[in-house]
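Q: Could we go through this model together? I would like to start with the overall layout and then look at single residues.

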Amino acid sequence: GVKVADNCVSVFQDMKMKSSWKFIIYKISNDQSIIEIERSESKKSFQYQDFVALLPAEDCRYCVYDFPYKTKEGAERNKIVFIAWAPD
């Protein structure tokens, strides 16, 4: 089966615990043996549209994105969203 590179987990843990990454894009290696990080971004100013523009038009990716939102009360919050990118 396909294995996961060690840094995939550690970088995700940094994202989850320290809010150190805006997004992480994972891909399956060319020899289809391992899931690896293709790109990550630490700039909080990076917008969702910019993130989506980085995804390939003809290939699949796994991604996590630190999505900011406001509650009904106006409080700012973030949720880490998992995305399985599979373009038509």
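A: A definition comes first: helices (H or I, at least four residues) and strands (E, at least two) are DSSP runs, numbered from the N terminus. With that naming, S19 lies in the loop between helix 1 and strand 2. Please note that this is a predicted model.

Q: How many helices and strands does the protein have, and in what order do the elements run?

A: The protein has two helices and five strands. Read from the N terminus, the order is β-α-β-β-α-β-β.

Q: And what are the spans along the principal axes?

A: The C-alpha trace spans about 50 × 30 × 20 Å along those axes. Of the 88 residues, 26% are buried. The protein exposes about 6200 Å², and carbon and sulfur atoms supply 51% of that area.

Q: What about the charges: how far apart are the mean positions of the positive and negative ones?

A: There are 13 positive and 13 negative charges, and their mean positions are 8 Å apart.

Q: Back to S19. What is its phi?

A: S19 has a positive phi of about 55°, although it is not a glycine. This residue comes just after helix 1.

Q: Why is that worth a remark?

A: Most residues other than glycine have a negative phi. Q32 is another case, again with a positive phi of about 55° without being a glycine.

Q: Where is Q32, and how do S19 and Q32 stand in accessibility?

A: Q32 is in the loop between strand 2 and strand 3. Its relative accessible area is 60%, so Q32 is exposed. S19 has a relative accessible area of 41% and is therefore partly exposed.

Q: Which residues of helix 1 are buried?

A: They are C8, V11 and M15. These residues cover an arc of only 80° around the axis, so they are on the same side of helix 1.

Q: Why would residues with that kind of spacing point the same way?

A: An α-helix has 3.6 residues a turn, so residues three or four places apart point the same way.

Q: What do the buried residues of helix 1 pack against?

A: They pack against strand 1 (3-4), strand 2 (23-28), strand 3, strand 4 (61-70) and strand 5 (76-85).

Q: Which exposed residues are on the face turned away from the buried side?

A: That face of helix 1 carries D6, M17 and K18 as exposed residues.

Q: A change of topic: is E41 buried or exposed?

A: E41 has a relative accessibility of 10%; the cut-off for buried is under 20%, so E41 counts as buried. E41 belongs to strand 3, residues 34-41.

Q: What does E41 touch, apart from residues up to four places away in sequence?

A: E41 touches W21, K22, F23 and F46.

Q: Finally, P87: where is it, and what are its contacts beyond four places in sequence?

A: P87 lies in the segment after strand 5. Its contacts, leaving aside those neighbours, are P56, A57, E58, D59 and C60. At 28% relative accessibility, P87 counts as partly exposed.

Q: How far is P87 from F46?

A: Their C-alpha atoms are separated by 22 Å, and the two residues are 41 residues apart along the chain.

Terms used
Residues numbered from 1 in each chain as written. Predicted model: local features only at pLDDT ≥ 70, side-chain atom pairs only at ≥ 80, totals over all residues. Heavy atoms only, no water. Buried < 20%, exposed > 50% of the residue type's maximum accessible area, 1.4 Å probe, protein only. Areas by Shrake-Rupley, 256 points an atom, 1.4 Å probe, with all protein chains shown as cover. Lys, Arg positive; Asp, Glu negative; His and termini not counted. Charge placed at Lys NZ, Arg CZ, Asp CG, Glu CD. Contact = heavy atoms within 4.5 Å. Arc of directions from axis to C-beta.
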